[in-house]
Amino acid sequence: MEIEATAIEQVLTNLASQPDPRWKTLASDKQRKQIQTELNSSAPKDGMMRVMTRMQFQKAPALGEIDWESELATFEPIEYPQYYLQPFHSVLGGWLSELAAVGNRVAMEAVLENAHPQKSLGVREEIAQLFPENARHILDLGAGIGDDAAAIARRLQSATVTAWEASPFMIVVGRLYHQALPNLRWKHGLAEKTELPDNSVDAINMTYLLHECPDEVKQLILAECWRILAPGGRLVVTDSLPGDLYSYRGFFEPYKEQWLKIDPDKLLTEAGFIKVKAYQFAYSTWTRVGFKPATT
């Protein structure tokens with residue numbers, strides 16, 4: 001599919017002109033420069049444009065009118081680390097923006113439209129099958145709008161599923177989408193610093209989280225997973241194939257160079273997880289399940 005350069009430029013310019021997020025004052029000039037650098041890249045952007053074209057045809061539950069000022073006032077401020085304050089996917093504010101939260105479902109449906117028969121929601125249903133029926137406390141780290149957490153909560157109705165997310169914008173949208181699930185809870189916080197007790201969680205899920213983090217933060221998150229998992233507990237990790245981020249040139253991904261070198265099995269085993277098993281639910285993703293040893 002050939003797309004004129006002027007069309008690409010207009011789309012990305014529109015993204016870059018979104019208003020700054022109300023939740024936190026960010027270095028918007030720096031963000032605009034990062035987005036513009038991505039825009040000016042000579043690399044093909046056809047993959048990105050295909051996704052943006054598909055987005056307009058995706059369906060998502062109606063959110064109605066959101067009073068963002070009132071909703072955001074209910075959250076305690078977080079001291080966000082610098083790695084998080086990036087214009088991810090060429091959106092000013094990155095995850096700290098209305099645009100990212102409201103558009104998350106249709107964006108993921110568009111990304112996985114041809115990768116799974118039921119698109120992103122189908123992948124999430126497959127992931128939910130990997131959790132044991134006897135689990136009582138399941139944590140979804142970097143939950144976004146909670147589509148994974150909701151799929152797990154629907155399947156395991158006797159479990160408490162906690163969607164742990166750093167962006168209040170994502171939580172606001174996720175609560176609206178999944179308000180009918182009584183066993184789904186929400187927590188505003190960073191994945192690398194949960195402050196949960198040691199050995200307190202039966203299972204942990206992470207989907208599309210690690211590629212958004214620099215290598216040192218990946219290690220911190222996995223160490224935190226190890227600490228809070230009960231002996232014998234399982235970790236389920238799903239993410240993009242190492243080179244897949246390059247198919248979306250134009251969507252700013254700050255850590256895609258590091259992601260090129262990722263080895264999922266090595267990543268989990270070096271963090272101490274055992275019996276690592278591979279799954280693949282969509283051609284553009286990988287999934288790994290690992291376990292904390294029953295005795296440590």
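Good morning. I shall begin with the sheet of this predicted model. Seven strands form an open sheet, in the order β3-β2-β1-β4-β5-β7-β6, and their pairing is mixed. At the edges stand β3, residues 184–188, and β6, residues 274–279, each of which pairs on one side only. From one strand to the next, the twist averages 20°.

As background, the strands of a sheet pair through backbone hydrogen bonds, either parallel or antiparallel. In which sense do β5 and β7 pair? Strand β5, residues 229–240, and strand β7, residues 285–291, are antiparallel, and seven bridges join them. Within this pair, R234 stands opposite F291 of β7.

Helix α10, residues 215–228, lies across β1 (137–141), β4 (201–207) and β5, and runs at about 150° to β5.

Finally, I come to a pair of helices. Helix α3, residues 46–55, packs with helix α6, residues 104–111, at an angle of about 125°, and their axes are 8 Å apart. Which residues make the contact? From α3 come V51, R54 and M55, and from α6 come V106, A107, A110 and V111. By class, this contact has six nonpolar residues, one charged residue and no polar ones. Thank you for your attention.

Terms used:
Residues are numbered from 1 along each chain as its sequence is written. This is a predicted model: local features need pLDDT of at least 70, side-chain atom pairs count only at pLDDT 80 or more; totals for chains, interfaces and linings use all residues. Side-chain values use heavy atoms; hydrogens and water are left out. Two strands pair if DSSP finds at least two bridges between them. Helices (H or I, at least four residues) and strands (E, at least two) are DSSP runs, numbered from the N terminus. Axes are lines fitted to C-alpha atoms, for helices over the stretch in contact, and angles run from 0 to 180 degrees between N-to-C directions. Contact means heavy atoms within 4.5 Å. Ala, Val, Leu, Ile, Met, Phe, Trp, Tyr, Cys and Pro count as nonpolar, Asp, Glu, Lys and Arg as charged, and the others, Gly among them, as polar.
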